Amino acid sequence: MYDIAIIGAGAVGGFVARELSRYNLKIVIFEKEVDVAGGVTKANTAIIHSGYSPKPGTIKAKLNREAIEIFPQVCKELDISYKKTGSLLIAFNEESMEAVHKKYTRGIKNGVKSLKILTKEEILAIEPNMNKNVYGALYSQDTGIVNNWDMAIAPCENAVDNGVALRTREKVYRINKSEDTFYIDTEKDQYQSKVVINCAGLFSDEINQMVGKKSFKIEPKKGQYFILDKNQGSMVNHVIFLAKSENDKNTKGMIIAPTINGNIIIGPSSQNPCNKEDMSTTVFGLNKVKSLAKDVIPNLDFSKTIKTFAGLRPKVDFAEDEENDFIIEEDQHVGGLINVAGIKSPGLTCAPSIALMVKDIVENILGKLQPKDDFNPYRKKVIRFNELDEEERNKRIKENPLYGKIVCKCENISEGEIIDAIRRNPSPTTIKGLKFRTMVGMGRCQGGFCMCSLIEILSRESNKKRLRWDGDKNSLGDKSMEKMDG
Ligand SMILES: Cc1cc2nc3c(=O)[nH]c(=O)nc-3n(C[C@H](O)[C@H](O)[C@H](O)COP(=O)(O)OP(=O)(O)OC[C@H]3O[C@@H](n4cnc5c(N)ncnc54)[C@H](O)[C@@H]3O)c2cc1C
């Protein structure tokens with residue numbers, strides 16, 4: 001019998017597992033995909049929001065502020081790539097400048113520090129590629145960028161290191177509760193647990209309905225993006241948000257930002273609800289993003305696009321008069337079931353503070369938790385060879401010559417790094433999993449040159465003879481490979 005069963009190994013499930021692994025609890029995480037970070041966490045803008053956007057008094061506003069306080073320490077402990085870039089919420093006319101002032105006031109109410117209204121001249125001094133017609137902006141020093149895949153991989157690795165059982169490829173399809181025990185049926189087995197924590201992202205409504213009453217519904221909203229080559233990386237220095245006036249539906253959430261890997265990310269579009277599995281991009285959606293971005297940074301060169309992709313926001317169907325807040329609470333009808341649902345933006349930012357809130361709810365259910373003596377808060381990421389200085393590189397190559405064998409020439413990733421990633425727990429079993437951990441194949445050629453070597457290394461290291469190609473239809477050049485038994 002487990003004390004805690006967590007459903008979903010995205011950023012939220014990962015941080016919840018890691019937080020609870022500090023205590024003497026028997027914990028399991030179920031993930032339906034072959035790897036962690038396979039849901040909403042996989043495809044988003046990867047911005048660490050400073051917290052001026054959420055409505056004051058909401059759970060979002062509180063958790064965003066708390067997250068900003070703890071984020072640097074969390075990233076240090078888990079070796080997550082994170083950079084504070086600062087952001088500009090820009091306006092091109094008086095009407096959208098009103099929205100900028102409203103966000104400033106909101107930010108002050110939310111306790112956001114270092115907010116400042118900038119003039120046109122001040123903006124152009126720090127963002128020289130900006131459209132010269134810019135009117136004004138809200139500068140926020142605390143905004144940052146992060147590696148979104150690491151936001152699930154790192155806490156999951158650390159949780160596993162601290163004794164949590166991670167069961168990938170185990171979709172939960174039925175939950176029953178009898179007296180104080182949940183009976184959880186997955187594709188492989190039946191498990192028992194005292195508490196169930198529903199961190200299933202887009203599918204959290206379905207998990208809730210398996211055991212609870214229908215209390216919310218998730219309606220995915222798609223956002224589409226461009227990633228531009230690193231040679232466009234200096235086009236913006238800050239995260240650029242486009243302020244929208246009251247009636248403007250077009251600019252919602254539009255961002256142009258540097259990525260942690262040195263590229264530029266542009267998007268997302270905002271579209272009507274769609275299917276939960278529909279990650280396709282469309283000419284219509286991408287063209288909308290492109291034309292808005294060109295209004296802001298006219299010299300952006302879209303011929304340098306290396307990838308387009310889509311992400312799905314897990315939007316709850318709240319009534320018009322209800323606040324579009326996170327749902328983080330023990331289910332009103334089923335004691336011991338904790339729903340962590342509707343975690344859209346700034347959910348990546350808030351994952352560490354959501355975990356702290358969930359821990360308090362668990363304590364309300366199970367009583368005071370006993371800290372473990374041997375909890376290890378630290379995890380090291382895969383060595384990034386191209387981040388090392390000459391001396392350190394030579395030292396590594398001497399210890400292991402595979403660090404001198406470059407597999408991905410675009411991103412300068414060595415075979416040593418790939419093997420380091422494969423030998424971790426959880427170990428990636430797909431090319432995508434390798435990409436998320438090492439950035440291999442994420443560069444200009446998108447794996448065109450290194451794919452065969454990657455397949456060879458992965459099959460050799462995982463000792464598998466038969467491999468099945470599982471073409472990813474929606475992203476050019478992004479094929480994933482799945483192992484089969486044998
Ligand atoms: C377009 C877009 C842009 C965004 N930009 C930002 C941003 O810049 N900054 C920010 O802070 N936030 C951003 N967000 C929000 C952020 O991405 C999410 O809040 C966060 O990733 C949610 O993580 P999660 O763990 O709740 O969900 P997920 O990552 O979806 O994890 C849920 C997991 O549950 C698994 N699962 C589902 N059903 C089952 C089942 N039956 N059995 C077992 N496993 C199951 C899924 O496979 C999945 O891995 C953005 C979101 C989108 C869509």
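**A loop and its salt bridges**

Author: S114 lies in the loop between helix 3 and strand 6. Helices (H or I, at least four residues) and strands (E, at least two) are DSSP runs, numbered from the N terminus. This is a predicted model, in which local features need pLDDT of at least 70, side-chain atom pairs count only at pLDDT 80 or more, and totals for chains, interfaces and linings use all residues. Residues are numbered from 1 along each chain as its sequence is written, and side-chain values use heavy atoms, with hydrogens and water left out.

S114 is not a glycine, yet its phi is positive, about 55°. Its relative accessibility is 38%, so S114 counts as partly exposed. That class sits between buried (under 20% relative accessible area) and exposed (over 50%), using a 1.4 Å probe and protein chains only.

Now the salt bridge from this loop. E69 pairs with K113, and their closest N and O atoms are 3.3 Å apart. A salt bridge is a side-chain nitrogen of Lys or Arg within 4 Å of a carboxyl oxygen of Asp or Glu. E69 belongs to helix 2 (residues 59–78), while K113 sits in the loop between helix 3 (94–109) and strand 6 (115–119), so the bridge ties together parts 44 residues apart in sequence. E69 is partly exposed, at 48% relative accessibility. The pair also belongs to a network of salt bridges linking R65, E69, K84, K113 and D142. Across the whole structure, a search finds 33 salt bridges.

Two other bridges can be set beside this one. K222 and D278 meet at 3.2 Å, N to O. K222 is in strand 13 (residues 218–228) and D278 is in the loop between strand 16 (264–267) and helix 7 (283–296), so parts 56 residues apart in sequence are tied together. K222 is buried, at 3% relative accessibility. D278 is partly exposed, at 25%. The loop between strand 16 and helix 7 also holds P268. A cis peptide bond joins G267 to P268, with omega about -5°.

The other bridge joins E415 and R460, with the closest N and O atoms 2.8 Å apart. E415 is in helix 10 (residues 415–422) and R460 is in helix 12 (residues 451–461), so this pair ties together parts 45 residues apart in sequence. E415 is buried, at 3% relative accessibility. R460 is partly exposed, at 42%.
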